[in-house]
Amino acid sequence: MTATEPASPAPGSQADSMPGSLALGFDYGEWRIGLAVGDRRLASGRPLTTLHNRNADQIDWTAIEALVSEWQPDALVLGWPIDDAGRCYPQAAAIRRFGNRLRERYHLPVFIVDERMSSEQATERLVKRRGRRAVERDQGQIDAMAAAVILDTFFAQSTPRLIETVTKAEVTQNLVGSPATSRH
């Protein structure tokens with residue numbers, strides 16, 4: 001390597017794992033998972049659908065498999081539930097498990113991005129498009145639009161975080177409202 005050649009990213013580094021252009025976004029919830037698809041070149045996501053879970057352990061993997069097969073994304077992106085101080089909300093543990101299951105099943109990089117305000121932004125977008133009554137009748141569409149907002153955030157980042165860098169200890173010891181993180 002000469003002094004003028006740029007250094008290549010180290011194998012396995014986040015820069016090495018940056019996706020191509022297409023990503024599927026997930027707004028994970030215990031009862032519903034909003035999904036969106038987006039293109040890095042357009043820097044935006046668009047809502048696809050909302051899946052309904054029986055519970056956190058009974059995810060509709062068949063539907064997710066169909067969407068991964070149809071869209072053939074380069075990456076999967078999850079909203080990460082943190083507060084303004086960077087502390088995790090309790091659902092972070094379930095999201096971490098879900099993200100790792102996605103990575104193991106599809107052998108794709110799975111990234112997390114801050115999902116603060118994604119549901120509020122999704123509601124605003126939908127109300128502008130369809131009106132408040134239509135949005136109130138179908139709450140599931142908010143989840144799919146929130147997944148699109150999550151993708152928009154992802155595309156705006158230069159170095160998104162990979163799910164495998166999130167440790168169990170980070171999630172369990174950095175909880176909103178826990179004695180270790182509460183202010184006195």
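Modeller: What follows goes from the sheet to its helices, then to the nonpolar cores and a few single residues.

The model is predicted. Its open sheet has six strands in the order β3-β2-β1-β4-β5-β6, and the pairing is mixed. The edges are taken by β3 (44–52) and β6 (161–162); each has a single partner strand, so one side of each has no neighbour in the sheet. Further in, β1 (residues 22–28) and β4 (residues 75–80) run parallel and are joined by four bridges. One of the bridge pairs is A23 with A75 of β4.

Helix α1 (residues 61–71) lies across β1, β2 (32–39) and β3, and runs at about 155° to β3.

The nonpolar side chains come next. In soluble globular proteins, such side chains tend to be buried together. Here the largest nonpolar core has 31 residues, and F26, I64, W80, F98 and L102 have the most contacts inside it. At least two residues of this core come from each of β1, β2, α1, β4, α2 and β5. Helix α2 gives the largest share, six residues. Leaving aside residues up to four places away in sequence, L102 touches F26, W61, I64, L76, L78, H107 and V110. Another core, of 14 residues, lies apart from the largest one; A36, V113, A147 and A148 are among its members.

H107, one of the residues touched by L102, sits in the loop between α2 and β5. H107 counts as exposed because its relative accessibility is 68%, above the cut-off of 50%. Its phi is positive, about 50°, although H107 is not a glycine. Most residues other than glycine have a negative phi. Q72 also has a positive phi, near 45°, and is not a glycine. Q72 lies in the loop between α1 and β4 and is exposed, with a relative accessible area of 62%.

A polar atom of the T50 side chain lies 3.5 Å from the backbone nitrogen of A144.

Conventions:
Residues numbered from 1 in each chain as written. Predicted model: local features only at pLDDT ≥ 70, side-chain atom pairs only at ≥ 80, totals over all residues. Heavy atoms only, no water. Pairing = 2+ DSSP bridges. Contact = heavy atoms within 4.5 Å. Axes fitted to C-alpha atoms, helices over the stretch in contact; angles between N-to-C directions. Polar contact = N/O pair within 3.5 Å; in protein donor to acceptor, adjacent residues only side chain to side chain. Core = buried A, V, L, I, M, F, W, Y, C linked by side-chain atoms within 4.5 Å. Buried < 20%, exposed > 50% of the residue type's maximum accessible area, 1.4 Å probe, protein only.
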